[in-house]
Amino acid sequence: MSMRSTLLVAAALVLATSAAAETPGLGHSVKEADLALWDISISPDGAGLPPGSGTAAQGKTVYEQKCELCHGKEASGGRNAKLVSTTERTVTNYVPHATTLFDFTRRAMPWQQPKTLTADETYAVTAYILALAKIIGENDVMNAQTLPKVQMPNRDGFVSKYPEKR
Amino acid sequence: MSISKKSDLDQLEAVAGNGLINRRALLGRGIAFAGATTAGASATFTSAGAEPLPVDPWSLTIGSPIPAYETPSKYEKHVVRTLTNPNHEPRTSQARTPHHLLNGTITPNGLHFVVSRTGFPDIDPAKHRLVVHGLVKEPKVFTLEALARYPMESRIHFVECGGNSAPLYNKDPIQANVQAIHGLVSCSEWTGVRLSTLLEETGIDPKAKWFLAEGADAPSMNRSIPIAKALDDAMIALYQNGERINPSQGYPMRLLLPGYEGNMNVKWLHRIKLIEAPVMAINETMQYTMRIAGQKSWQFYFPQEVKSFVTHPSPGLALKGPGFYEISGLAYSGNGRISRVMVSADGGKSWAQAALQEPVLSKALTRFRMPWRWDGQPVVLQSRAWDEAGNVQPTRAQIVAERGEPRVNLPVTAFPMGHMNVVTSWAVDNKGEVKHVYA
């Protein structure tokens, strides 16, 4: 049996087992389309990124209004983390994918009003921070196509400890 | 039992340096042992004064009305968590369990440790929903009312922050107590529904290798978790020590991943999405990765490895003169049951095996006890644990050799290193004061 057909058999078994199992069956079926507002996760390949775009210049305005209070002037740190630094570990010089920066900003920021930034504002403020860190150019446009292609400086800086060797 | 109480104590078999006594003294020789300690206590009373014992005032008046929900005695008001952000400023909050003031293995719900980005959300349980979608055959939504009708099970497991015990990676030994150093681990009986039961209902697309778990809190805290854990022992927990889980533990439901680092046990759980590969969330890149000198950063380090520490005595719990004490502490492993705990009173030169309090459960706190006769001289107390998978708790020197020499001293609120499961050393001076040292 080829590897491919072995996998197909295994897949069929998983599905067959699922269908046959006794469960209370109290979960309500839902369509993926109806989960759009909840399904905010983004993959490093860009899957899940919304339509929209923004530049560093547009992001500067957003940053000064909504982020600077905690993260300081030009993301240099304040009562909360600095986002750009040449000497200390920050989100820009440490996380391996630019999509993480967009994702966390969209789901968790600003602190007091999470999930209130529009897609354009999120792309713009992400562009502003990436440009401050000199990872992208001043005039680069961030959108669903360009953001996943950004090469973060620490892209290859991690080794997975999973699966465990035991 | 009153005859020769001193010789009863002397007869107890010393098994390691500086007065460690065979643990069987706690069990097999219990009578001789109890006799020795009781005699010691009554000797103190006799010498204290000749007055007959009075009838105490609380025996002469009626008691207080029984409240609908009871909290500990007013005399126990000092037994509380320490808070790093009591004014709820815009930053993470940490609350630590006071292990030096507790005994047994179950953490009271109000004292369970917390690490939270924005405090706890006010979730209406009637409106809360859990969505399971992504690489499934059929996406489903579960209400709390529906989940309450599913087959449940109860299991006792610890939850530990990946950053617990991080101060042990400081350059110099931090002068802090058990609560500050090791207070980000707690243990509860969790009751809920196996995640695999829900996945049977949705079906699993064989392409699914991971799943995303996400909370309904303000920052929608999320983590990527291997699908193997979902099919193993992952649980949607609804109850903690018999009652609905507390708001800061994820009310009305949290993910429980026995043995895995704390933040993966996503609180206020509202979404599970089956995926092919990790999403690289902030909590698996910026946080909860480990920078190792001269190597790439360690990512996806899930199990909380075998660890133990002495809680009694410990800094703040000074010894009151030479004589008998029970050394006691906690041991646990994210890889299974504790198989053995060894205790040293001479900084690791000699070791004696501690008694383990039954039942010894997998991925749960295990209490160890060691009888000890302190002669009043300076000693260094240590404990070291083994788990059933054959893992042994490393010394600090071993971890430093593996991960690099620490160069700074940081406060307990900072986390210079994750997954620090090294041996802790308490130095007792000749006055009985206990201090944290590296030994």
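User: Thanks! In chain B, what share of the contacts with a separation of 6 or more is between residues 24 or more positions apart?
Analyst: That share is 73%. Keep in mind as we go that this is a predicted model.

User: Good to know. What is chain B built from, in helices and strands?
Analyst: Chain B has seven helices and 25 strands. Of its 439 residues, 46% count as buried.

User: And how does the radius of gyration of chain B fit with a compact globule?
Analyst: It agrees: for 439 residues a compact globule would come out near 22 Å, and chain B has 24 Å. Along the principal axes, the C-alpha atoms of chain B fill a box of roughly 75 × 65 × 45 Å.

User: Which domains is chain B divided into?
Analyst: Domain 1 covers 114–284 and domain 2 covers 307–437. The contact between them takes 25 residues from domain 1 of chain B and 31 residues from domain 2 of chain B. Strand S8 (153–160) and helix H4 (178–182) of chain B each supply at least two residues of the domain 1 side. That side divides into 14 nonpolar, nine polar and two charged residues.

User: How far apart are the centres of those two domains of chain B?
Analyst: Taken over C-alpha atoms, 29 Å separate the two centres.

User: Let's switch to the inside. How many residues are in the largest nonpolar core?
Analyst: The largest nonpolar core has 129 residues. Those with the most contacts inside it are Ala127(A), Tyr128(A), Ile129(A), Phe211(B) and Ile236(B). Helix H6 (residues 119–132) of chain A gives this core its largest share, nine residues. Domain 1 and domain 2 of chain B both give residues to this core, so it lies between them.

User: Which residues does Ile129(A) touch, leaving out those up to four places away in sequence?
Analyst: Ile129(A) touches Ala75(A), Leu83(A), Val84(A), Thr92(A) and Leu101(A).

User: New topic: what is the strand order in the open sheet of six strands?
Analyst: The order is S1(A)-S7(B)-S6(B)-S15(B)-S10(B)-S11(B), and the pairing is mixed. At the edges stand strand S1 (28–29) of chain A and strand S11 (222–226) of chain B; each has a single partner strand, so one side of each is left without a neighbour in the sheet.

User: What about S15(B), is it enclosed or open?
Analyst: Strand S15 (residues 269–275) of chain B is largely enclosed by the rest of the structure, because seven of its seven residues are buried. Strand S6 (residues 129–134) of chain B runs parallel to S15(B), joined by four bridges, and His133(B) stands opposite Lys273(B) there. S10(B) runs antiparallel to S15(B), with six bridges, and Trp210(B) has Ile275(B) as its bridge partner.

User: And how do S10(B) and S11(B) pair?
Analyst: They pair in the antiparallel sense over five bridges. Leu212(B) has Ser224(B) in S11(B) as its bridge partner.

User: Last one: how many residues does each chain give to the contact between chain A and chain B?
Analyst: Chain A gives 46 residues and chain B gives 44 residues. On the chain A side, 26 are nonpolar, 14 polar and six charged. The elements giving two or more residues to that side include helix H1 (3–20) and strand S4 (158–160) of chain A.

User: Which strand of chain B does S4(A) pair with?
Analyst: S4(A) pairs with strand S16 (residues 297–299) of chain B, in the parallel sense over three bridges. In that pair, Phe158(A) stands opposite Ser297(B).

Conventions:
Residues are numbered from 1 along each chain as its sequence is written. Chains are lettered from A and ligands numbered from 1 in the order in which they are written. This is a predicted model: local features need pLDDT of at least 70, side-chain atom pairs count only at pLDDT 80 or more; totals for chains, interfaces and linings use all residues. Domain bounds come from an automatic or database domain assignment. Two residues are in contact if their C-beta atoms, placed from the backbone, lie within 7 Å. Ala, Val, Leu, Ile, Met, Phe, Trp, Tyr, Cys and Pro count as nonpolar, Asp, Glu, Lys and Arg as charged, and the others, Gly among them, as polar. The radius of gyration is taken over C-alpha atoms; the globule rule is 2.2 Å times the number of residues to the power 0.38. A residue is buried if 20 or more other C-beta atoms lie within 10 Å of its own, exposed if 12 or fewer, and partly exposed in between; C-beta atoms are placed from the backbone. A nonpolar core is a set of buried Ala, Val, Leu, Ile, Met, Phe, Trp, Tyr and Cys residues joined through C-beta atoms within 7 Å. Two strands pair if DSSP finds at least two bridges between them.
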